[in-house]
Amino acid sequence: MKISGFFRSLLGKIIIAIILGIAASFVFPDWLARIFVTFNSLFGNFLNFFVPVLIFALITPAIAGLGRGAGKWLAITTGIAYGSAMIAGLIAYAVALNLFPLFIGDDGVNEVAEISEGNLEAYFSVEMPPPFEVMTALMLAFAIGLAMTVVKSDSLYVASRELEGVIMKVIESFVIPLLPVFIFGMFLSLGKNGNLVDTLVTFSQVLLVAVVLTIIYLLVQYLIAGAMVGKNPLSALRAMAPAYFTALGTSSSAATIPVTLKCAMNNGVRKDIGGFVVPLCATIHLSGSMIKIVLFSFAIIMMSGMEVSFGLAIGYILMLGVTMIAAPGVPGGAIMAASGLLASMLGFDESMVALMIAAYIAIDSFGTAANVTGDGAIAMIINKYAQDIGTRGDDATAADALSEDATV
């Protein structure tokens with residue numbers, strides 16, 4: 001990627017926003033800083049309004065589309081992808097509980113507690129009540145999506161896909177372009193409120209843990225896949241290296257699909273199976289994203305002195321896995337889809353969500369690389385089962401048909 005291209009990317013804009021926000025915190029007078037605090041308040045309220053709509057619009061057609069897919073292989077692949085994301089989330093939760101207290105001790109909690117509070121206040125605020133709660137959106141999406149798989153209503157399915165397209169346009173044309181300003185205001189507030197240094201030091205350690213854990217989880221995935229198919233896991237993982245580094249450079253699961261498919265075929269995956277599994281998993285298998293979001297969310301919980309029960313944490317991870325299946329395939333899309341759960345289940349405010357977004361996008365490419373490389377392990381498993389059962393015919397034909405609809 002050229003330097004000019006990097007600075008035009010979302011990651012480049014976020015990095016610039018962080019640097020400028022930190023610098024501005026030393027020179028901006030309070031009256032000027034409060035302008036950006038006001039913007040953050042308005043944008044945060046808009047996100048609170050928009051996220052339930054986003055969740056409903058994305059998950060409804062996703063579930064309905066799954067019901068129209070390739071029968072049992074679709075169900076098996078979806079189940080494996082969801083299980084992989086759940087295991088990733090639970091591992092990340094265990095790591096957060098046992099590792100984070102080592103560098104987020106009592107002093108650290110006291111120093112960065114209430115990271116969103118300070119002396120700066122917005123000039124004004126506009127309340128934007130959401131049309132329904134996040135959990136209502138999830139349940140409504142499930143109910144309507146599942147109903148469409150039974151009723152087979154083409155007109156309703158087309159309408160849900162059109163609504164999905166409208167919401168994606170809002171994300172791409174309005175929400176994503178304004179994120180750098182949102183991040184700028186958040187780091188400006190942190191600097192003005194005296195919480196900046198402690199937050200940056202702590203989160204740099206969390207970022208490092210997230211990168212290392214995604215790599216370790218890839219090893220776990222290929223150890224399992226290798227044992228199931230009788231293949232050396234290290235050689236299988238090495239064969240997927242081009243997909244990993246392509247995703248690392250592009251931060252796009254969709255752009256990496258051709259490379260991922262070729263790498264999977266080099267691991268012995270049949271073309272028809274790979275043509276089904278790889279595009280589908282590029283949409284629904286986000287284990288790397290799960291690791292990042294879970295680690296970041298519980299880091300912020302510890303930094304702010306909040307308490308989350310074990311039951312609530314498990315429920316959050318389970319619901320997050322469902323949300324990841326329908327996460328929009330745009331940079332930062334997964335964390336945008338997850339922001340509703342952060343607010344409704346964990347009690348995050350807009351500043352905490354902004355910190356989550358900044359941290360997530362900072363290492364977005366590592367999560368994407370883990371996602372697509374893990375797709376190769378799932379393809380190996382599905383290929384093994386297909387060979388054992390001797391399935392080609394109808395399922396293979398349906399797999400080819402679904403591969404067009406499963407692309408991010």
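Which helix holds Ile357? Ile357 is found in helix H16, residues 350-362.

## Model and conventions

This is a predicted model: local features need pLDDT of at least 70, side-chain atom pairs count only at pLDDT 80 or more, and totals for chains, interfaces and linings use all residues. Residues are numbered from 1 along each chain as its sequence is written, and side-chain values use heavy atoms, with hydrogens and water left out.

## Overall build

The protein has 18 helices and zero strands. Both are DSSP runs numbered from the N terminus: helices are H or I with at least four residues, strands are E with at least two. Of the 408 residues, 52% count as buried. Buried means under 20% relative accessible area, exposed means over 50%, and partly exposed lies in between (1.4 Å probe, protein chains only).

The protein exposes about 16,700 Å². Carbon and sulfur atoms supply 66% of that area. Accessible areas come from the Shrake-Rupley method with a 1.4 Å probe; for residues, only the protein chains shown count as cover. Take contacts between residues at least 6 apart in sequence: 88% of them join residues at least 24 apart. Contact means heavy atoms within 4.5 Å.

## Around Ile357

Ile357 has a relative accessible area of 0%, so this residue is buried. Leaving out residues up to four places away in sequence, Ile357 touches Leu179, Ile183, Ile335 and Met336. Met336 sits 21 residues from Ile357 along the chain, and their C-alpha atoms are separated by 7.6 Å.

## Nonpolar cores

A nonpolar core is a set of buried Ala, Val, Leu, Ile, Met, Phe, Trp, Tyr and Cys residues joined through side-chain atoms within 4.5 Å. The largest one here has 92 residues. Leu295, Phe296 and Tyr316 have the most contacts inside it. Helix H3 (residues 30-67) gives the largest share of this core, 14 residues. Another core, of 29 residues, lies apart from it; among its members are Ala225, Phe276, Leu280 and Ala386.

Phe296 has contacts with Phe203, Val206, Leu207, Ala210, Met356, Ala359, Tyr360 and Ile363, leaving aside neighbours within four places in sequence. Leu295 is touched by Val95, which also meets Phe100, Val209 and Leu213, not counting residues up to four places away. Val95 is found in helix H4 (residues 71-103). At 21% relative accessibility, Val95 counts as partly exposed. Val95 and Ile291 are 196 residues apart in sequence, yet 10.0 Å apart in space, C-alpha to C-alpha.

Ile76, Leu208, Val212, Ile216, Val220, Ile224, Met228 and Tyr385 form a nonpolar patch on the surface. Together they have about 650 Å² of accessible area. Patches are made of residues with over 30% relative accessible area and no salt bridge; like charges are joined within 9 Å, and nonpolar side chains (Val, Leu, Ile, Met, Phe, Trp, Tyr) within 5 Å. Helix H8 (residues 196-229) gives the most to the patch, with six residues.

Ile216 is found in helix H8, and its relative accessible area of 43% makes Ile216 partly exposed. Thr214 is also placed in helix H8. Thr214, however, is buried, with a relative accessible area of 3%. Beyond its neighbours within four places in sequence, Thr214 is in contact with Gly288, Ile291 and Ala370.

A salt bridge is a side-chain nitrogen of Lys or Arg within 4 Å of a carboxyl oxygen of Asp or Glu. By this rule the count comes to one. Arg161 pairs with Glu164, and the closest N and O atoms are 2.8 Å apart. The two residues are separated by about one helical turn, because they are three residues apart in helix H7 (residues 154-192). Arg161 is partly exposed at 25% relative accessible area. Glu164 counts as buried at 19%.

Gly165 is found in helix H7 too. Gly165 is partly exposed, with a relative accessible area of 38%. Ala57 is 108 residues from Gly165 along the chain, and their C-alpha atoms are separated by 8.7 Å.

## Cysteines

The structure holds zero disulfides. A disulfide is a pair of cysteine sulfur atoms within 2.5 Å. Cys263 is buried at 3% relative accessible area, and Cys281 is buried at 0%.
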